2 protein chains.
Amino acid sequence: MPRGLTKRRPQTRARLLDAALDTFAEIGFQGATIEQICDRAGFTRGAFYSNFATKEQLFYALFERNAALVVERMEEVAAQVDPTLSWAGQIAELTSSVGPDERRWFLISTEFTLYAIRNPAAAGVLAEHDARLRAAMLPILREMYDRAGLVPSVELDLVARLLIAMREGGMTQSYVEPAEFPPGQLERLFGAAVLRAVATPQS
Amino acid sequence: MPRGLTKRRPQTRARLLDAALDTFAEIGFQGATIEQICDRAGFTRGAFYSNFATKEQLFYALFERNAALVVERMEEVAAQVDPTLSWAGQIAELTSSVGPDERRWFLISTEFTLYAIRNPAAAGVLAEHDARLRAAMLPILREMYDRAGLVPSVELDLVARLLIAMREGGMTQSYVEPAEFPPGQLERLFGAAVLRAVATPQS
DNA sequence: CATATTCGATACATAGGCGTATCCGATACG
DNA sequence: CGTATCGGATACGCCTATGTATCGAATATG
């Protein structure tokens with residue numbers, strides 16, 4: 001008479017989330033079918049309805065799982081970046097921290113952003129994860145400015161916002177014109193210069 | 001025995017495109033139904049199938065019509081910007097040029113971008129329109145640098161890319177957190193600084 | 001004004017996705 | 001090892017979107 005969950009349940013959930021990552025990236029959230037996701041995961045729709053009520057819930061769960069991973073990785077990388085590197089080098093380390101799932105994650109997080117703009121509830125979730133990501137960047141940013149003898153001319157959180165905006169905008173262009181700009185190039189190109197643009201010498 | 005088109009045909013097309021703008025912005029491209037669009041336009045699906053073969057074609061047509069409008073407006077504004085304004089002021093003028101449809105257009109162009117990343121054919125269309133938009137910005141950027149006695153340290157086209165990247169990234173954050181950042185604020189905040197970041201004094 | 005053609009409305013057939021109810025194998029637990 | 005719950009598979013009915021074929025009204029042309 002156990003009331004808890006079984007050990008295989010989290011496994012199925014994980015497989016469904018993995019399959020959703022692939023499927024949403026390939027076909028899009030709205031376009032993807034619950035059955036397509038289950039097929040890819042090697043289940044029938046029975047498994048889905050036993051774990052999620054709607055495709056939206058799966059979307060939320062997928063976003064939250066992977067967004068949390070991104071924040072974790074950012075925290076690790078921020079703690080490990082070699083502070084004697086050039087600014088461009090440090091920025092490169094930071095922006096490479098999102099990992100090898102890059103393209104799929106870019107597609108899905110962008111689609112979740114659109115979803116969030118249309119759904120206030122999702123917007124709250126997204127805003128919180130973004131805030132966590134910026135918070136994870138703060139220590140390294142502070143150290144970079146300190147070591148360079150510079151003082152940011154706006155709040156560090158706003159600097160983080162700028163970096164993220166630039167990174168997302170740059171990745172968009174990279175993925176639309178992959179021949180022109182391999183992913184990551186634009187961000188490295190501008191990251192360091194932009195940081196310097198919002199700083200003045202220490203008095 | 002005329003083989004041409006009727007005068008009401010472009011009108012229906014326009015009404016369908018207008019309805020598609022609203023519907024796609026509200027529900028999303030993949031989520032929207034052909035019938036929803038026709039309803040909003042005051043037609044039945046018969047009108048749709050008489051004008052377009054697929055929803056994708058309608059999407060292309062909508063994107064191309066409005067993207068062309070954006071380029072036109074950018075050309076006008078770039079020619080009218082008061083060159084004696086501060087950089088921040090001039091940037092504000094430029095970035096405000098996309099007009100009052102802003103939010104709907106942001107949603108739709110972002111969704112078209114996702115579509116383009118998954119469909120090379122659409123990527124070509126998008127890349128061309130982006131190139132036109134950047135070209136429309138070049139004269140005003142050149143003049144801004146000249147008047148300030150600065151020389152951009154990278155190609156002007158790349159400066160335009162940076163501005164666009166920052167603008168899109170900033171707008172994303174604005175629309176996700178509209179209470180925090182009214183649309184346009186982030187771009188104005190950083191635009192001028194960013195331009196300065198990729199420039200050195202004239203020798 | 002007459003007629004030919006275009007264009008949008010209507011009607012129909014089809015397919016595919018969805019949600020639920022039920023069943024049976026797997027798993028926890030005494 | 002036996003039993004009770006869990007978890008995924010199966011099967012069913014429903015509904016909605018789609019595309020086409022046809023019809024009739026609007027419109028161009030002589």
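Tutor: The largest nonpolar core has 61 residues, and those with the most contacts inside it are A:L16, A:A20, A:L62, B:L16, B:A20 and B:L62. Helix 6 of chain B supplies the largest share of this core, eight residues. Apart from it lies another core, of 47 residues, which includes A:L163, B:L162, B:F190 and B:L195. A nonpolar core here is a set of buried Ala, Val, Leu, Ile, Met, Phe, Trp, Tyr and Cys residues joined through C-beta atoms within 7 Å. A residue is buried if 20 or more other C-beta atoms lie within 10 Å of its own, exposed if 12 or fewer, and partly exposed in between, with C-beta atoms placed from the backbone. Helices (H or I, at least four residues) and strands (E, at least two) are DSSP runs, numbered from the N terminus.

This is a predicted model, in which local features need pLDDT of at least 70 and side-chain atom pairs count only at pLDDT 80 or more, whereas totals for chains, interfaces and linings use all residues. Residues are numbered from 1 along each chain as its sequence is written, and chains are lettered from A and ligands numbered from 1 in the order in which they are written.

Within chain A, the axes of helix 1 (residues 8-27) and helix 4 (residues 55-80) come within 10 Å and cross at roughly 90°, the axes being lines fitted to C-alpha atoms, for helices over the stretch in contact, with angles running from 0 to 180 degrees between N-to-C directions. Where they meet, A:L16, A:L17, A:A20 and A:L21 of helix 1 face A:L58, A:A61, A:L62 and A:R65 of helix 4, two residues being in contact if their C-beta atoms, placed from the backbone, lie within 7 Å. The residues of this contact divide into seven nonpolar, no polar and one charged; Ala, Val, Leu, Ile, Met, Phe, Trp, Tyr, Cys and Pro count as nonpolar, Asp, Glu, Lys and Arg as charged, and the others, Gly among them, as polar. Leaving aside its neighbours within four places in sequence, A:L62 is in contact with A:L17, A:A20, A:L21 and A:I108. A:D18, also in helix 1 of chain A, is partly exposed, with 15 other C-beta atoms within 10 Å.

In chain B, the buried residues of helix 1 are B:L16, B:L17, B:A19, B:A20, B:L21, B:T23, B:F24 and B:A25. What covers them includes helix 2 (34-41), helix 3 (45-51), helix 4 (55-80) and helix 6 (102-118) of chain B. Just after helix 1 of chain B, B:G28 takes a positive phi of about 95°.

As for the two chains together, 33 residues of chain A are in contact with 33 residues of chain B. On the side of chain A that touches chain B, helix 8 of chain A gives the most, with twelve residues. By class, that side of chain A has 19 nonpolar, nine polar and five charged residues. Over chain A as a whole, buried residues make up 37% of the 203 residues.
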